[in-house]
Amino acid sequence: MLSRVLSKPLLRQFVSYTFSTSSTMEPQMTKWNLSSDEIKSGVQDLLKGTRAQYDEISGLSGDSVSNALKKITEVHRYFDSSCNIYDFPSQVSPDKEIREASVEAEKLLSEFSVEMSARKDVFDVMCEYKKTNTPATPESQRLIERIIRDGKRVGLHLSKEKQERVKEINTKMSALGIEFQKNMNEDKTTLLFSTAQLVGCSEDFIKGLETNEEGLHKVTLQYPHLYPILKQCTMTTTREKLLVTRYSMCKDLNTPILEELVKLRSEKALILGYNTHADFILDARMAKTKETVKTFLSDMISKMQDPLKREFEGFLKIKERECAASGEKFDGVIQPWDIYHCMQVVEKEQYAVDTELLKEYFPLATVTKGLLQIYQDIFNLKFVEIKDCPKWHKDVQLYSVFDASSDAFLGQFYMDLHPRDGKYGHAAVFGLQPGCLLENGERQPAVCGLICNFTAPTDTKPALLDHSEVETYFHEFGHAMHQICSQAEHTYFAGTSVERDFVEAPSQMLENWCWEKDSLKLMSGHYEDGRPIPDELLEKLVASKLANVATTTSRQLVFGTFDQSIHTRSSADTAACFNDAHQLVMGTPAPKGTNFAAQFGHMAGGYDSQYYGYMWSEVYSEDMFQTLFKDAGVLNKDAGAKYRKCILQPGGSVDAFDMLRNILGREPNSDAFFRAKGLV
């Protein structure tokens, strides 16, 4: 998942650093040690300076209008290159006071972005520029067209009254989205379970849990606790309690926030001349219309119904057997809290993949070493770790990235891989500086932060990843490389600034490296002595890619269907809508009394009416993978070079369909997707 970079107005796409010219390109101004007071004062200075630059642009007239595009490009770069030290700490700082100050700074920056995007005087200058000037490059022509389009999408072509209301709505929605995420980040819900209630969970996992004075184990709702129990625990009541609590996370706080967002989004769409929020959003995406998305989702759901029914029949046999063994009552239904566990049993029994044994071959350090080597090899890059540098936590690592042939400096990425209190709780790449051209024609390098929450090492074992975490790691690192390898001229098109329903495709394609023997061997080795994964286990893992394919696909279809449901109406009972979507796709209701939507961060974090894009983009990711790499091999450097040139390098400066045509040499299609799912 990408964060912030996709959800903010133009000004808030990225944040930045200034670099020295030393051989390591060490940052000079990464001020991760700012106090809460320095954050508060610094952000005010930034807003004041940027507003003055906008005022200057608004005063252009006559011949001076010819400088408008150059000036607005620079003000965007200036603002985008000065924010991270104020708002990024809200996601990663270990200090609660600093996080709170950063959250307030983020609100101010977001509100300011809304204010600047509603500057009718600047919009009018840019319209005049478009009438009287021809930009120097095709990308600059694309930029002025997008600036005008975006101005219209915030109502700058409408009456002043309507403009003001759109601005009010955008400001309110921005604040609500920040509050939604803050509530999730700050959640500290803890459950207590006895060892007997955690039957089936690995000894290492149980040993890693904190205990209270009565010897009960403390379990949080965060991923390193949530998924091991949902997957491994054979006690149905334990899984039920944990999943119901997770599905109720932030329910009272975030349900009203999301439902207000739905109303505000609908009102804004109507003001701008669209029937629904989905119509407004999709007009600027690959899919273009809500009817296209509805057909796409409906077709997918239909194709998955028979395979899903067969998988659930197998799940029921597993559940019945385990209930008989534990003495628990068998209800004859696959409940939401049964799904992860039954999927894991299928993998272990039908594909003989022992996930706990497999984890022993994926120590984080080994995976990281292999991942870095693979990306360097296939994309012709060189990574250099910077040891002595400012950072927000002692465990954070920083790498500089160079082109391996020319030694040209491309950018940097941070890696923050383990959970802690107050930290962003999922996996995402945060854009921290756009790679773009400076006013003098030199290139500003890209910087990003890879934020994950992998299980921390214990006293007896290093951090070990399950295979799904390896896949997540590879996916997110793909987003980081998209940021850094982009060679767009302008901030607007830098890195992952492609159509939202294509943005996941480049990283989804790279997930295939986690299922191919050649690449798996490079990023694995037993934590004790580095011995390779036995061939038999490796073959079973690769075969298990088709395990539970209908269930995993259908879960994504639940989320996409729910998203379209709430955003094709003027108001929504989000709990009821989620329940309906779950019933439609999975054949069972969501857990009674819960509201998954209240902890569904995508709905407040910029994926509104766009969650279908995960599945949509997977279709194209499989087309790219099977066309370029399946036969040539996942370590083929020629295929990697073509991919870097045609997909990563353009950023958003080329339409996604055109990028696909360029790399495939034909129109894209869904044949490869269904082959990959074993459905043809």
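I looked up aromatic pairs and found 45 in the structure. Rings of Phe, Tyr and Trp (its six-membered ring) pair if their centres lie within 6.5 Å; planes under 30 degrees apart count as stacked, over 60 as edge-to-face and the rest as tilted. I picked F562 and F600, a tilted pair at 6.2 Å centre to centre with 35° between the planes. F562 belongs to helix α22 (residues 549–566) and F600 to the loop between α23 (574–586) and α24, so the pair ties together parts that are 38 residues apart in sequence. Helices here are DSSP runs of H or I, at least four residues, numbered from the N terminus. Both F562 and F600 are buried (under 20% relative accessible area, 1.4 Å probe, protein chains only).

A note on the model: it is predicted, so I kept in mind that local features need pLDDT of at least 70, side-chain atom pairs count only at pLDDT 80 or more, and totals for chains, interfaces and linings use all residues. Residues are numbered from 1 along each chain as its sequence is written, and side-chain values use heavy atoms, with hydrogens and water left out.

Next I checked W616, in helix α24 (residues 612–628). W616 is buried, at a relative accessible area of 8%. I listed its contacts (heavy atoms within 4.5 Å): leaving out residues up to four places away in sequence, W616 touches M286, A287, T292, F296 and D501.

Last, I turned to charges over rings (NZ of Lys or CZ of Arg within 6 Å of the ring centre and within 35 degrees of the ring normal). The charged end of R500 sits over the ring of Y607, 4.3 Å from its centre. For K382 over F402, I noted 5.5 Å.

Technical notes. Helix = DSSP H or I, 4+ residues; strand = E, 2+ residues; numbered from the N terminus. Buried < 20%, exposed > 50% of the residue type's maximum accessible area, 1.4 Å probe, protein only.
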